[in-house]
Amino acid sequence: MATATAQGTTYHNFIDGSWIPSVSGDVFENRNPANTDDLIGVFQKSTRQDVQHAIDAARRAYEHWRLVPAPRRAEILFRAAQIMADRKVALARDMTREMGKILDETGGDVQEAIDMTFFMAGEGRRQYGQTVPSELRDKFAMSVRQPLGVCAIITPWNFPMAIPSWKIIPALVCGNTVVFKPATLTPLSALNFVKILEEAGVPPGVVNLVTGGGGEVGNAMLVSDEVKVVSFTGSTDVGRTVSEQAAPSFKKVHLEMGGKNVIMVMDDANVELAVDGCLWGGFGTTGQRCTAASRVVVHEKVYAAFVNQFVARAKALRVGDGLDPKSQMGPSVSQGQLDTVTKYVAIGKKEGAKLACGGEPLREGAYAKGFFHQPTIFTDVAPTMRVAQEEIFGPVVSVMPCRSFDEAIAIGNNVPYGLSASIYTQDINKAFAAMRDLYTGIFYVNAPTIGAEVHLPFGGTKATGNGHREAGTAALDVFSEWKSIYIDFSGRLQRAQIDTADL
Ligand code: UN1
């Protein structure tokens with residue numbers, strides 16, 4: 001898995017059951033975003049050739065793995081879930097160190113991977129199809145799920161173990177094999193995950209890990225004829241490229257992309273509860289969730305009360321190294337991400353939004369070697385401003401006043417994305433109307449926009465997705481195809497839709 005030297009630990013790719021270096025001999029560094037002096041390790045900068053080896057291994061392994069009965073495949077996955085649970089604390093620490101979010105949250109990330117693995121392992125005994133009466137005599141009709149082959153899994157850095165589990169575990173339980181390219185910012189958590197699958201007994205070649213950049217590693221997977229499914233989570237811009245690259249070979253493409261999620265606070269809301277929700281939804285994971293509540297629409301009758309409380313609470317958030325149990329918000333994941341935050345703060349100011357708190361990177365003292373930024377709130381934001389339309393993926397929340405429930409819904413829907421939304425209200429009629437009318441894949445009542453559980457579908461509408469869902473049994477639809485089977489036991493030719501008279 002790794003070799004340690006005075007220069008640090010070198011981690012390898014995992015191809016065909018062996019931990020091996022890239023053919024390039026090149027590596028890249030992974031550093032702690034809370035303290036860039038802390039080198040976590042060096043990882044393989046893989047090439048097209050490495051990807052090809054991994055695809056070849058996955059293709060060969062598929063011929064065996066697809067024939068392993070699904071309940072047996074699932075037994076391996078149950079074991080993997082248990083190993084993850086046993087190692088949860090250590091896995092969370094590694095993740096905080098490489099990604100920055102606080103320990104409570106990395107513990108949650110690992111827990112989500114455990115939950116998903118147990119849930120999907122259960123699907124090993126539940127890949128239900130349909131049996132239906134045939135329209136002809138002495139004929140049987142049914143549908144079964146079948147695997148597709150090699151799946152390319154491309155994952156982001158914000159949920160370094162949960163999101164890989166959402167994709168890899170259903171792929172495996174359905175009988176596919178995997179080539180996995182994790183984000184370059186979080187390769188250690190990916191490696192930890194794959195190591196656990198290896199230990200649990202996943203056979204050589206069934207899961208292959210190739211670290212490196214999207215341009216080289218990602219593209220090589222997208223253009224390969226051997227790859228049958230691509231599951232990608234990341235930005236909408238990259239998702240579009242994934243879709244275009246994968247189109248000529250007719251791959252099944254599952255995309256999970258950006259969000260600009262809204263919390264709507266109505267005049268009858270419990271304002272304190274709404275403030276709790278907006279803090280957690282807006283600044284949890286330093287705003288770096290696709291589901292983050294980066295917009296808040298507040299009824300004018302409670303606007304002043306809400307803003308006062310929200311700003312006071314945001315100012316009091318303790319920003320710091322995620323490994324310190326006192327920290328409530330960690331750094332942005334990288335300099336690039338921090339630059340995006342500062343860019344959008346400048347855009348918000350220029351557009352005339354009121355900077356109610358924050359707005360500055362934190363550079364002094366304990367912050368000097370990390371990518372920290374103050375929790376930032378813009379108020380009196382117009383719904384058309386860029387800070388209210390574009391995904392920032394940082395600790396910046398835009399608050400907008402509204403005069404009515406209908407206006408809140410209109411503002412809520414008027415963005416390019418459709419992942420998650422929420423309403424705070426005590427009025428059941430408004431709650432149900434909002435559930436129906438927000439065009440998103442996920443909706444919450446009296447809870448923030450984050451916090452999806454693994455056994456319901458996860459995904460979004462519009463520029464967030466391309467119609468697929470992960471998590472829940474919906475994930476099986478990404479990683480399997482239906483086969484309809486007809487068995488004629490009449491011993492004679494029966495012509496469907498034609499030989500109906502003698503029935
Ligand atoms: C993401 O935002 O990228 O629902 C994933 C949530 C988490 C998963 C988020 N369970 O917020």
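Residues are numbered from 1 along each chain as its sequence is written. Because the model is predicted, local features need pLDDT of at least 70 and side-chain atom pairs count only at pLDDT 80 or more, while totals for chains, interfaces and linings use all residues, and side-chain values use heavy atoms, with hydrogens and water left out.

**The ligand site**

The residues around the ligand include E112, F159, W166, R289 and F458, where a residue is near if one of its heavy atoms lies within 4 Å of the ligand. By class, this shell holds 7 nonpolar, 3 polar and 2 charged residues. Domain 1 (2-124 + 134-257 + 465-483) and domain 2 (262-445) both give residues to the shell, so the ligand lies between them; the domain bounds come from an automatic or database domain assignment.

| Residue | Part of residue | Distance |
|---|---|---|
| C290 | backbone N or O atom | 2.7 Å |
| T291 | polar side-chain atom | 2.9 Å |
| G451 | polar backbone atom | 3.0 Å |

Taken alone, the ligand exposes 320 Å², and the protein buries 99% of that, with areas from the Shrake-Rupley method and a 1.4 Å probe.

**The cavities**

A cavity is a set of points, on a 1 Å grid over the protein atoms alone, where a 1.4 Å probe fits but cannot get out, and its lining residues have an atom within 4 Å of a point. The largest cavity has about 80 Å³ of space, a volume being the space filled by probe spheres set on the points. Its lining has 15 residues, and G287, R289, A292, S294 and F393 lie nearest its centre.

Technical notes
A polar contact is a pair of N or O atoms within 3.5 Å; within protein, one must be able to donate a hydrogen and the other to accept it, and residues adjacent in sequence count only if both atoms are side-chain atoms. Ala, Val, Leu, Ile, Met, Phe, Trp, Tyr, Cys and Pro count as nonpolar, Asp, Glu, Lys and Arg as charged, and the others, Gly among them, as polar. On a 1 Å grid over the protein atoms alone, a cavity is a set of points where a 1.4 Å probe fits but cannot get out, and a pocket is an open set with protein on both sides within 12 Å along at least five of seven lines; lining residues have an atom within 4 Å of a point.
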